[in-house]
Amino acid sequence: MSERESAFVLVTGMSGAGRSTAAKALEDLGWFVIDNLPPGLLFAMAEEAGRVKLAADKVAAVVDVRSLAFTSDLNSAIEELEGRGVGVRVVFLEASDEELVRRFENVRRPHPLQGDGRLVDGIARERGILREVRANADLVIDTSNLNVHELRGKIVAFFGGEDRPGLRVNVVSFGFKYGLPVDADLVVDCRFLPNPHWVPELRPMNGLDAPVREYVLNQAGAKELLDAYEEVVSIIASGYTREGKSYATLAVGCTGGKHRSVAMAEQIGGRLRDRGGMEVQVSHRDVGRE
């Protein structure tokens, strides 16, 4: 390996959550990707990448949980890599139990860890083994509500321009009635604002429509929340950057994820873009679900 600090990406996560799709998306971006690599071979891969002069920030490995020693092996491999000047970024792909069951049933394949038990037993066992890995991951992507094209789009957004400076931030609106985004790093609750749902002419619209946006932003407390949250995110983003964290998901919620959270997420995203130093995406998880 080069003496300069280098880095590559490890893609892991729940079976059925989209590891193969993520790997193919990285390959399409020109990355060198090895699928199903045992953790014990990670350093050998890094050495070979350096020997053939592959760009260190364009190398990725997909690792899974089929080894019973997965967690200890992976942690040891990461420690060895970092001890030799190779920075490692871990991307964890997540999905709900219900969605994983549906996906495995659709392809009529058993879960790799279910053995003679039920599908849900294999999922539960894997989730337990991966708990520490998920907690320490640099980026968690929840694919429960993503199709393969949307997942690919997220990978492209996160890894398609490694030369762009600063933290990459995904601001996502959501509805608390549909559950908290599991990949959220920060959450803001907009339910204290009056709900446009109860205004008949605004109910069919969403937070992207000007009348709803104006209604939400003119409510008492809306500007104060935006001002305060902008400052909080700026402080946290600086800390994330110092600690080497490259990605963050900011979740903005209201009851249904249609009006208040959408309008506020758009405003937060715009303010962060105006501040500069961050790559900002805004998405709306639950628009159209009602």
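In which helix does Ser20 lie? Ser20 lies in helix 1, where helices (H or I, at least four residues) and strands (E, at least two) are DSSP runs numbered from the N terminus.

1. Basis of the note. This is a predicted model, in which local features need pLDDT of at least 70 and side-chain atom pairs count only at pLDDT 80 or more, while totals for chains, interfaces and linings use all residues. Residues are numbered from 1 along each chain as its sequence is written, and side-chain values use heavy atoms, with hydrogens and water left out.

2. Annotated segment. An unreviewed UniProt entry carries a "binding site" annotation that covers Gly13, Met14, Ser15, Gly16, Ala17, Gly18, Arg19 and Ser20. From this set, Ser15, Gly16, Ala17, Gly18, Arg19 and Ser20 belong to the lining of the largest pocket. UniProt positions are given in the numbering used here, with feature names shortened, and annotations may be inferred rather than shown by experiment. A pocket is an open set of points on a 1 Å grid over the protein atoms alone, where a 1.4 Å probe fits, with protein on both sides within 12 Å along at least five of seven lines, and lining residues have an atom within 4 Å of a point.

3. Two serines of the segment. Ser15 sits in the loop between strand 1 (6–13) and helix 1 (19–28), and its relative accessible area of 6% is why it counts as buried. Ser20, by contrast, is partly exposed, because its relative accessible area is 43%; the classes are buried under 20%, exposed over 50% and partly exposed in between, with a 1.4 Å probe and protein chains only.

4. Surroundings of Ser15 and His111. Leaving aside residues up to four places away in sequence, Ser15 touches Leu100, Phe104, His111, Pro112 and Glu126, a contact being heavy atoms within 4.5 Å. His111 is placed in the loop between helix 4 (97–107) and helix 5 (119–129), and it is buried because its relative accessibility is 2%.

5. Polar contacts. The side chain of Glu126 makes polar contacts with the side chain of Ser15 (2.7 Å) and with the side chain of His111 (2.8 Å). A polar atom of the His111 side chain also lies 2.9 Å from the backbone nitrogen of Leu113. A polar contact is a pair of N or O atoms within 3.5 Å; within protein, one must be able to donate a hydrogen and the other to accept it, and residues adjacent in sequence count only if both atoms are side-chain atoms.
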